[in-house]
Amino acid sequence: MIGTKKERAERRQRQRNNIDGTSLKWPGAQNKFALFAQVLWTGLLVTVASLPIVTIPPALAAGAGHLHRHLRAEPTYVSRFFRDWRDALPGGIVIGVLGLLAAALLAVDIALSVDRVVPGWPVILFAGVLALAALLVTLTLAAAHWQGRGSWKPALLSAVASLKTDPLGAGCILATLVLGVLVAWQLPPLVVPGLGSLIFVSWCVHHRKR
C-alpha cells in the first residue's frame, strides 16, 4: 500500500512538473476539452474555405496554422485564418487543380479495374489505390509543412521526404483520411470533425519527434 501511494505521488509530481516539456512548448494542449473544441472549430473553418474544392490545400494549410497558434496559446482570430488562406491561394489553387485532376484520373483507373474491363486489372487496381493514397497523404502533409506567405515547393518536397522517412506518420494520416471518408459518407455533416481530426493528425506527424 505504501509503495502504491508513493508511486501515485511520484506520478502526480511528474504530471505537475510535465517533465516532457509539453507545458512549455505547447501550453495550448493543457486543456484537453478546449483542444477538442478547437479541433472541431478548425474543421468547420476548413470546411467553409474548402467549398470551391480546388481551395482544399490552402484551407488545410490555414487550418494547420490556426491549430498551431492555439497549441502555442496564441490568439486564434478567424480573420488570421482567412488571411493565411488568402496567402496560400496563389500556389495552393494550382496544387488543388492538379491534385483534383490526378485524383480523378486515378479514380477512373480504379473504377475500370474494379469492373475488370482492362487487361491486367489486378496490377492496375493495386497501383491505382497506392498512387491515390500517396497523393492524398502528400497533399495533406504539404499543407502541414507550408509556411505562411511562402512557396509551396519546399512544402511539397518536405512532404515527399516525409513519406520516405516517416512511413508510420504517413500511415496515421492515411488511416485518418479513410476513417473520415467513411464517416462522412454515412453522415455528411461529420466531414467537419473529420477535417479537424485530419489537420490535427497531420500537424502532430509534422511536429512529433522521430
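Is Trp 85 buried or exposed? Some notes on that and its surroundings; bear in mind that this is a predicted model.

1. Trp 85 is buried, with a relative accessible area of 19%. The cut-off for buried is under 20%. Phe 82, at 25% relative accessibility, counts as partly exposed.

2. A search of the whole structure turns up three aromatic pairs. In one of them, Phe 82 and Trp 85 sit edge-to-face, 6.2 Å centre to centre and with 90 degrees between the planes. Both residues belong to helix α5 (residues 78-114), three residues apart, or about one turn of the helix.

3. Elsewhere, have a look at Trp 146 and Trp 152, a stacked pair with 5.8 Å centre to centre and 25 degrees between the planes. Both of these Trp residues are buried.

4. Now for charges. The whole-structure search finds two salt bridges. In one, the side chains of Arg 69 and Asp 84 meet at 2.9 Å, N to O. Arg 69 lies in helix α4 (residues 56-71) and Asp 84 in helix α5, so this pair ties together parts that are 15 residues apart in sequence. Arg 69 and Asp 84 are both buried.

5. Asp 84 also forms a salt bridge with Arg 80, where the closest N and O atoms are 3.4 Å apart. Here both partners lie in helix α5, four residues apart, about one turn of the helix. Asp 84 has a relative accessible area of 9%, while Arg 80 is partly exposed at 31%. Put together, Arg 69, Arg 80 and Asp 84 are linked in a network of salt bridges.

Notes. Residues numbered from 1 in each chain as written. Predicted model: local features only at pLDDT ≥ 70, side-chain atom pairs only at ≥ 80, totals over all residues. Heavy atoms only, no water. Phe/Tyr/Trp six-rings, centres within 6.5 Å; stacked < 30°, edge-to-face > 60°. Helix = DSSP H or I, 4+ residues; strand = E, 2+ residues; numbered from the N terminus. Buried < 20%, exposed > 50% of the residue type's maximum accessible area, 1.4 Å probe, protein only. Salt bridge = Lys/Arg side-chain N within 4 Å of Asp/Glu carboxyl O.
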